[in-house]
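Morning, everyone. Let me bring up the model on the screen, and then we will walk through it.

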Amino acid sequence: MIYLRQVELREVRLPLREPFRISSGITTERRILLAQLHDADGNSVWSECVAGEQPNYSPETIDTAWHAIEQWIAPRYVGRSFTHDCVYDELERDIRGHEMAKAAVEMGCWALAAQQRQLALAGLLGGTRTEVPVGISLGVQASPDALVQRAQAAHAQGYRKIKLKIMPGRDIEYVAAVRAALPDAHLMADANNAYTIHDADHLAQLDAYRLLMIEQPLDHSDLVQHARLQRQLRTPICLDESITSVQRARDMIELGSGRIINIKPGRVGGYASSVRIHDVAQQHGMPVWCGGMLESGIGRAYNVALASLPNFTLPGDLSPSARYWEQDIVIPAWTMTGDGMMRVPRDVPGIGVQVDLDRIDNLTVRRQTLG
Ligand code: OSB
Ligand code: MG
């Protein structure tokens, strides 16, 4: 049981080393919502809410998440006893949406439970891997040459999967250029909803470039048109935005809307939901991988622990700290081996890294204590 005594919210601002562009917008600095959860036994953990500044990936933003946690989510748990694996279902019962806000609290509760039991987060989740394969997500670039340069650098660093963000006007030519430069690399593309079913013939040109998958080509809430598109493509479709719950994953499988799922725990309301999606996919022989939201080292810890589950067979968007930040907010920073692997902390209780409190204090622009 967890007795939650207090939740502290903070906003920190971290500039990205390089702006990150997807089809629907650009991010140059991350405004990150961090939560610190304190139980009655003196344990405390940090968690991260992955909502962005703008609602261009999902309807949530850092400001809506703050509001949801402050008004509806934290008040339900502060000053109460409960078990970590019931939080998702309880929140789902009468709070619609706000998955990223819920996830920040729910996953923090899992970390508190791990801390109490002196277990690593990966161990509490049932993770089996000691290291996980790492992929990189490259933002939309101004020219095919600029993209080729970045893809070559990533390949040389050992990344096991290279994801190319695409959008209309910056797609076939860009993918073709990278494939020509890197004939053997594991490549994929991510469109973040930039196309419609009328682009099916255009997208079918991508079949020539041996992509591992194309991620979320169509509408963020669609399953039906993706199923139609999948019947016209040889390249597997992977869904990201469309999969917000285990029910949506089941519908995807039944409809044939794709063959792979990107699981981001923030997008689906946290760990309980992520594990269910993982399990349903596994029962149907469908691989999953862990997506990213330009997390700080705190969010990274939660994603790495999740990616240690057995059906995370494809490399995740789990780049090391130095790919995003001059300096991360955790110690040690997350690193990747020369052959593209990241170690899963299994010998430290909780999230597996220390939080750099002085640095967080210096970066904090907003703070609120709940309870
Ligand atoms: O679609 O996977 C996405 C970042 C922000 C919003 C959406 C996406 C992404 C990424 C980033 O691809 C991956 C990463 O965190 O390295
Ligand atoms: Mg995506």
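Is E215 buried or exposed? E215 is buried, at a relative accessible area of 0%. Keep in mind throughout that this is a predicted model.

The magnesium ion, ligand 2, is coordinated by three residues: D190 through OD, E215 through OE and D240 through OD. The distances run from 2.1 to 2.3 Å. Along the chain, the donors follow the spacing D-x24-E-x24-D. D190 sits in strand 7, residues 187-190, and E215 in strand 8, residues 214-215, so this pair ties together parts that lie 25 residues apart in sequence. D190 is buried, with a relative accessible area of 0%.

Where is D240 placed? It is in the loop between strand 9, residues 237-239, and helix 9, residues 246-255. D240 counts as buried because its relative accessibility is 0%. Its side chain makes a polar contact with the side chain of R267, at 2.7 Å. Beyond its neighbours within four places in sequence, D240 is in contact with Y57, E215, Q216, N262, K264 and R267. Two of those names come up elsewhere in this talk.

How many residues surround ligand 1? The count is 15, and the closest are S137, K165, N192, L294 and Y324. A side-chain N or O atom of K165 is 2.9 Å from an oxygen atom of ligand 1. On its own, ligand 1 has 390 Å² of accessible area, and the protein covers 97% of that.

One of those closest residues deserves a stop: N192. N192 has a positive phi, about 45 degrees, although it is not a glycine. Its place is the loop between strand 7 and helix 7, residues 200-204. N192 counts as buried because its relative accessibility is 4%.

There is another positive phi to show you. In H98, phi is near 55 degrees, and this residue is also something other than glycine. H98 is in the loop between helix 2, residues 87-94, and helix 3.

While we are on the backbone: which residues are joined by a cis peptide bond? I331 and P332 are, with omega at about -5 degrees. P332 is in the loop between strand 13, residues 330-331, and strand 14, residues 341-343.

The largest nonpolar core has 127 residues. Those with the most contacts inside it are I69, L121, I162, I261, Y271 and I298. Which element gives the most to this core? Helix 3, residues 99-116, with 12 residues. Take I162 as an example. Setting aside residues up to four places away in sequence, I162 touches I136, L138, A151, A154, H155, L182, H186, L187 and M188. Apart from this core lies another one, of six residues, including M213, C238, I260 and W289.

Start with E11, in strand 1, residues 2-22. E11 counts as buried because its relative accessibility is 2%. Which side chains does it meet in polar contacts? R13 is one, at 2.9 Å. R31 is another, at 2.7 Å. Leaving out neighbours within four places in sequence, E11 is in contact with R31, I32, I62, W66, L363, T364, V365 and R366.

Last one: D171. Look in the loop between strand 6, residues 161-165, and helix 6, residues 172-181. At 7% relative accessibility, D171 counts as buried, because the cut-off is under 20%. Not counting residues up to four places away in sequence, D171 touches I166, Y195 and H202.

Over to you for questions.

Definitions and conventions. Residues numbered from 1 in each chain as written. Chains lettered and ligands numbered in written order. Predicted model: local features only at pLDDT ≥ 70, side-chain atom pairs only at ≥ 80, totals over all residues. Heavy atoms only, no water. Helix = DSSP H or I, 4+ residues; strand = E, 2+ residues; numbered from the N terminus. Buried < 20%, exposed > 50% of the residue type's maximum accessible area, 1.4 Å probe, protein only. Polar contact = N/O pair within 3.5 Å; in protein donor to acceptor, adjacent residues only side chain to side chain. Contact = heavy atoms within 4.5 Å. Donors = N, O, S within 2.8 Å, 3.2 Å for Na, K, Ca; no water. Near = heavy atom within 4 Å. Areas by Shrake-Rupley, 256 points an atom, 1.4 Å probe, with all protein chains shown as cover. Core = buried A, V, L, I, M, F, W, Y, C linked by side-chain atoms within 4.5 Å.
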